[in-house]
Every structure is written in C-alpha cells, then in structure tokens.
Amino acid sequence: MLKHIITGLLFTFSVGLSYAHELSGTVISEENNKPLQGVGVYNKTTGNYTYTNISGYFEIDDVSVNDIILFYQLGFENQEVVIDKSQLNGSVDILLPISKASLDQVFIVSKVNTLSTFLNVDLKTNPVKTSQEILRKIPGLVIGQHAGGGKAEQIFLRGFDIDHGTDIAIDVDGMPVNMVSHAHGQGYADMHFIIPETIENIDFGKGSYYADKGNFNTAGYVDINTKKTIDNNVISVEAGQFNTVRALSMLKLVETENSSGYLASELMLSDGVFDSPQNFNRINIMGRYNYNNYKDQELTLSMSHFQSKWDASGQIPVRAVESGQIGRFGAIDDTEGGNTSRTNLWLNHKKQLDEHSAIKTSAYVSKYDFELFSNFTFFLEDAVNGDQIRQYENRTIVGAKTAYEHSFHLQDHDAQLKYELGMGFRYDDVNDVQLSRTKNRQELLERLAYGNVDELNGFSFANLMYKKNKWTINPGLRLDYFNFDYENLLTETYDNASENKVLLSPKLNFIYAASSKLQWFAKTGLGYHSNDTRVVTANNGEDILPTAFGTDLGLITKPADRLVINAALWSLFLQQEFVYVGDAGIVEPSGKTKRFGVDFGLQYQLNDYLFFNTDVNYTYARSSEEASGQDYIPLAPDLTSSGSLIVKDLNNFSGGISYRMIGDRAANEDNSIVADGYFITDLNLNYTLKNWTFGIVVENLFDSEWNETQFATESRLVNESNAVEEIHFTPGSPFFLRGKISVKF
C-alpha cells in the first residue's frame, strides 16, 4: 500500500517518458578478486547513479542503448561501459584495478553530501598526522587548544564559537564523541582517543539538514570512519623539540579469506612550549575484528582504551605579559591541568536482506572519567587562596541505532525511490558530576555544584530519497524524546528533579546534477542542541531543546577532471536558550541569534603528484534581540581560511605546506575588546626508501607570534586592588620541529 501511495504522489515526475531499462551486475577488485562495496555506478547520459552493496551487486535504472555507465571508487581506476542492446535488462561484471587516489576518480552526482568525497581525496594524499588535525580537514572549521594538550579543543565553525562541541555532532564509526551535560560544558567532544593513522575516511555536512543526525547537529556534523583492515604492519617513532616523543604501531592479528583483525597503539609524551613543563602523556590502544562474507553480511567489532594526564599554564592576561611580570609562555597559576580516560566497546553490523533491502545496526558502551583543574580569574573571588576550580565526572554511555533501508523502481524503471527508517537510543549515567573550589589541586575549599545526571535520548527518523534522472529530492523527519534527571547531592534532604521533552525536526533537500560537472543544491531543515540537564531542571523544563533553522543554497562544479569548485550561501537562526556555564556553576540566558555566510572552496590536482586546495569562509553573526553595536556574538569568527599544496610520491618524496588563518573578531558584545587573528604555516616532508619512510614535521614554519585561543575575561592578579577585563590568551606554538621514522612490513 505504501508503495502505491508514494508512487501516486510522485507520478507527475514520471509522466511522458518512454519505457526504460535497468542494468545490474557485480563490481570486483582486480587485486584480490573480492567484491567491492560502495562503488559508484553513474550513468553519464542521464545523471542517474547508485552504489554497490556488500556483495558488490548493483542495479541502475533508466538505461538505454549507447548510455555510458561509469564505475568509480577512490583508490581505483575508473571503468566505463557503453551499453548495447544485449546488456539491457542484463548483467555485467566489472573489474576495478587499484590506482593512486586522484580527483578524476570522483564525480559529481545528485547526492546530498558530495563534498565529503572530495575531502577524502585530500585525506588520502595528505593523511592526518595528529589528533588536532582531524577536524582541521573540514573546510571552514578552526580549532584551538588551551589547556595543556589534554583538554578537548575549542571549535569554530560558521560563525559559532562552538566551545568544545555544542553545535557540531561528531561520531566515530557510529559512536558519539560529544558528551551531554558534561562537567566542563555541554557537547564536550574530546577526540584524542582516535589514533590518526587508523582513519579511513571522513563524512561531513554543514547545516542541520540530515534526518539521521540528532543532538548538536546545528552548524554541522562530522562522521569519522576508521579502517576495517590494514594493508601492512606499521611501526613509527617521532621525536622533536620540547621533549616530544610519539610512538605508533599497527599490527595485523588475523588475516583469512573472510576475517581480519589488527591492533593499533599510540604513545605521546611532551613537555610543551611553556615555561612550566606540561608533563603531558597520552596512551591509546585500539583492537578491531572484521568479518565479511562478501555476500550478505559484514560485522565489525572494536575495542579501545585512552588515557591522558597533563599540567597546564592556562590563559594569561595581556597586562601580565606587557608589564614583564611573566613571559608569553609563562603562567599565573601553573597548577592547572587534569586527567581523563575513555574505554569503548562498539559494534557495527550490516545485513543485506535482498538486492533492494538492508539493515544497518550499531551499538556501543563507553566508560569515561574526567578531572580538570582551571583558574580563569586568578584572585578575583578569593584574594587569599585564589580562584582555582575542579570539574569532575564519572560517566557510562550506552546506545544503539538500527536502520532499515529499501529501494524500489517507479514507472518502468525510469525513477527510483529509496526510504530509510531508523530508531535508537542513547543513555548517559553521569555520577559525581561536580564543580568545586580547590587550592593547588590538593585542598577542597568548597563544593559549588555536586550531583548525579541521568539523561536518555530515544529517537526515530525517516529519510525518503526520490531519484529521477538528474534530480534527487530528499525529505526527512526526525523525532526525539528526551528525559532529563538530576539528583542534587549538595542538599541535606533528597532532591531529585526530572523533565522530559519531545521534538519533531523536518528536513528537505533538493539536489540537481545538471551534468557530471555541475551540481546545484538547496537544503533546509530544523536542528537542535539539547541543554544541560542542570539547566533543564533548574528552569522547570523551559527551553529544553532550542531549535535551529538553517538554509543552504549553492553549487559544486568540476570544470575539469582535476578541478573542483564549491560555493554556498547559507543562513542559520537559533531560538532563545539557557546555557549552563560549567566554569561558574551558573545558568546564563542568551537570546535569539542570526548568522549569514558565504563558503567557497577549491581543489585542484595540477598533475599526478601535485595537489592544491583552499577554502575561504565569511560569516555575519549577531544577536537578534540587542541594539546595533551591542549585538556582537563573542568570539564568533567573521573570516576563516585554510589551504595546502601537497606533493604525493614524486621520486620517493611526499609532503606539503599548509596554512590556516582566522581574522580579528569581537571578544565581547560591543566589540570594545578584540581577539587578534592569525596566519600560521606548517610544513611536512617525507622520503620513502623501500619500506622505510623518513620525515620531518614543522609547525609554525615562520615562527609567527600568535594567540591560539583568546577570551575576554575579568580577573584580578595578586598585587591588584581592582579587577580588569581584557584579553586572556593561550599563546600558539612557536617554530616546532619533529623528526619521524616509520617502517612497513
């Protein structure tokens, strides 16, 4: 019945076309003779496209004699088939030879997130070298570290100071990174448990237009997918200035016809660039098992453990440096720092029910601990002991998601309809979440907030994908249920509060691929980020899930086989929301906001070994309820840009030079305090001799003086009688050289 109803509603798109045929078949890797999953199958004549499933099988509609069918996947040579009469409604087998990653292996189709594919060309030619670089791969996204290397980075995207993750949803293999109702801040996203060398590809989307993405998906989302298998064993050692050492290993454990397994580990040590050593250490270990029968089933089981410990110099006031009290890399309170750990077990399973139906399931459980000591105001509140605070929590996260997808043909195979129905849940059990006043990390002076958080998010979503020739129409709907529960442990009597909320979020995307060289898109939808449980219960359930409404209008064009240009005009409006300030243990209201922006990006492969990419992003961000001149959004970036020139496999040499910049921006509401912008250049160079690779990495090649993070903060130093509000900053790294040796076997 559902099929007939939908067919009737979409009939107008199909009237007047002649009878069309389908083509089916299997795509196989020439290297190992195994089916390839996710290969693009594109009709260059009509613009229609599809992808192969677990068994390498595909069906593509609306095929006629003399149509040119293209088969492509990053890392493989493209193959073309010109259709003759004997192949109509028949089957073909395609062999794809392995090839180096290249921009001419990627095509523009009427897909909602085509840009992700081009991003992964950059990822293949210029792999991520540190955990900090993961998010820097996303065009328009800027990060900053300001607490000794162990704290989650501060994130900027589309005119947001996202803090540590309030408005960007980040997943790894379907497991969420963002932490709800976190001791330090809502949406806290610590990505340091990811070993960079294990990353296979990154899927990203800007805006709130995706029904399968939920909490924190307002400015955008990032899905990181790690390698299911590895081709070689790898051991690597890196050492450099500031007593920095990094060691990596990736070792095969299992390798059979249908199964594989590997173990990856990472050790990182550094004293950092500061006058007071950071004593930073981090250890990561991840084990993975993958089973694929290359017919109808794939299972991946993963385990990982991460722990980190560090000391920090914190943000320092400009006046202390200008007066000579401390140097740029000095500290007012060098007893800041912290420690954290995360242990994960997660599973991904895909079952192909038939040629048109599949079920995808993911499940995870995480055990997480966090402790952070900070001092932002020095002696403002306590002239004797200082203003150091301790934030702490102990968390367990359990969640799962399953989605059923089915596709079928319409109107004699000249159009295709695909729907996806999904549901899932996430439950956070956060114990002893607290904010305390401390002295020298040792003495507890006062507890400001102390309690237990239980937060449940149940959700379902529906995605409809109607494809006809060069058009893709993608309506979607998401339903979220939240239950917030907070037990206040500071009161003498039992004090427990609970609230719940249901939210419906519609989405609608139109994609038009005018040709294999040009795509137009129009996207719109509602998104949200949940507020901290302590905010929800303190405000009796008001403004629990402030809504974001976004629109994007843009294009992606490929005027030459190795040149891609993208541009978009966008807007984003946020409702009233209440924000829990974890550093102060208070609730602060912020009004409605509006953001308008322009994104521009370019990727160009000059030849087989030379790649160039750049992006430029401008945003106008203001409060909607304040008077002109008093309506700046603190730290919202106006102008950002990044780019690189990469050499890949030129006479055994690889490497590149890259830049990133952010313009000056308002640090407070009236722009009377300004956060200085910066332009930083990095360099890496590698030489490969047989299975050995020797390399150098240089951060801040030109030794620029820059501030990595900045805040307008009111503080008082020990010798001051009055408080001062001004820029407090964490200095960016000076020239930083490291050497690296790795071997594959």
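The views show a predicted model, in which local features need pLDDT of at least 70 and side-chain atom pairs count only at pLDDT 80 or more, while totals for chains, interfaces and linings use all residues. Residues are numbered from 1 along each chain as its sequence is written, and side-chain values use heavy atoms, with hydrogens and water left out.

**View A. F274 and F329 form an edge-to-face pair.** Both residues are buried. Rings of Phe, Tyr and Trp (its six-membered ring) pair if their centres lie within 6.5 Å; planes under 30 degrees apart count as stacked, over 60 as edge-to-face and the rest as tilted. Here the centres are 6.2 Å apart and the planes stand at 70 degrees. F274 lies in the loop between β17 (259-270) and β18 (280-292), and F329 in the loop between α4 (318-322) and β21 (336-354), so the pair ties together parts that are 55 residues apart in sequence. Helices (H or I, at least four residues) and strands (E, at least two) are DSSP runs, numbered from the N terminus.

**View B. W471 and Y512 form a tilted aromatic pair.** The rings are 4.8 Å centre to centre, with 40 degrees between the planes. W471 belongs to strand β26 (residues 471-488) and Y512 to strand β27 (residues 496-515), 41 residues apart. W471 counts as partly exposed at 42% relative accessibility, as does Y512 at 28%.

**View C. R595 lies over the face of F160.** The distance from the ring centre is 3.6 Å. A charge sits over a ring if NZ of Lys or CZ of Arg is within 6 Å of the ring centre and within 35 degrees of the ring normal. R738 lies over the face of F736, at 4.9 Å from the ring centre.

**View D. The largest nonpolar core has 58 residues.** Such a core is a set of buried Ala, Val, Leu, Ile, Met, Phe, Trp, Tyr and Cys residues joined through side-chain atoms within 4.5 Å. I170, I202, V222 and I224 have the most contacts inside this core. Strand β22 (residues 357-374) gives the most to the core, with four residues. Leaving aside neighbours within four places in sequence, I170 is in contact (heavy atoms within 4.5 Å) with residues including L135, I155, M191 and V222.

Terms used
Buried means under 20% relative accessible area, exposed over 50%, partly exposed in between (1.4 Å probe, protein chains only).
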